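Please keep the structure at hand while reading.

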Amino acid sequence: MRDVAGAEQAAIQQLLDKQAIREATMRYCRGVDRCDPDLISSAYHPDAIDDHGDQRYSGRTVGRGVADLVRSAKVSMNQVTNQLITLHDDRTAGCETYFTVWRSIETEDEDRVLLAIGRYVDRFERRAGEWKIAHRLVIVDLTRVVPASGLPRPSRSGLGSRDRNDPSYAALESPGTGWTRPLPAQPPH
């Protein structure tokens, strides 16, 4: 009976560890989309290495560096899909995460959209009870720039922003309803 309880507890801890790693990955993506250097950096240990192809950052510089790279975009969407996490022990893990990036690019001629697909290959470490990236290699497998003219229009203007004024901050940080917007009045039937 004791072995079963121990095995169940170990399985639960593995799930909790993997969830913490997923959440660090999501914080990074959200930080890029909201152009929030602190949120980006929160996914990294200070002495981490981020190998972003032509750019290389430390955990201390990655937030500002990546935010500066994407600041000119009006819209940024980093989406992750497949994620495989291997826990090597209770302090280290390997992770491969597939990503798709959509980012607006403004040119003199017309607005364009950058589409990039690739993978984050990460080594995560748990230090002081917290899972964060210790080393990241960004592998971009494909990029395309396409005209924005054929794409559907975004939701009504002014709903979202690429900073801490975005309604997602209030929704995620506050239990209140200050971030919600009332529905427009409905005409009587």
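## Arg127 and its partner

In this predicted model, Arg127 has a relative accessible area of 31% and is therefore partly exposed. The side chain of Arg127 meets that of Glu125 in a salt bridge, with 2.7 Å from N to O. Glu125, for its part, has a relative accessible area of 16%, which means that this residue is buried, because buried stands for values under 20%.

Arg123 is partly exposed, its relative accessible area being 38%.

These contacts belong to a network of salt bridges that links Asp47, Arg123, Glu125 and Arg127. As background, side chains of opposite charge can pair when their charged atoms come close.

The structure holds 8 salt bridges, and one of them joins the side chains of Arg126 and Asp17, at 2.9 Å from N to O. This pair connects distant parts of the chain, since Arg126 lies in strand 5 (residues 111-127) and Asp17 in helix 1 (residues 2-33), with the two residues 109 residues apart.

Are the two partners buried or exposed, or do they fall in between? Arg126 has a relative accessibility of 21% and so counts as partly exposed, whereas Asp17, with a relative accessibility of 5%, counts as buried.

Note on methods:
Residues are numbered from 1 along each chain as its sequence is written. This is a predicted model: local features need pLDDT of at least 70, side-chain atom pairs count only at pLDDT 80 or more; totals for chains, interfaces and linings use all residues. Side-chain values use heavy atoms; hydrogens and water are left out. A salt bridge is a side-chain nitrogen of Lys or Arg within 4 Å of a carboxyl oxygen of Asp or Glu. Helices (H or I, at least four residues) and strands (E, at least two) are DSSP runs, numbered from the N terminus. Buried means under 20% relative accessible area, exposed over 50%, partly exposed in between (1.4 Å probe, protein chains only).
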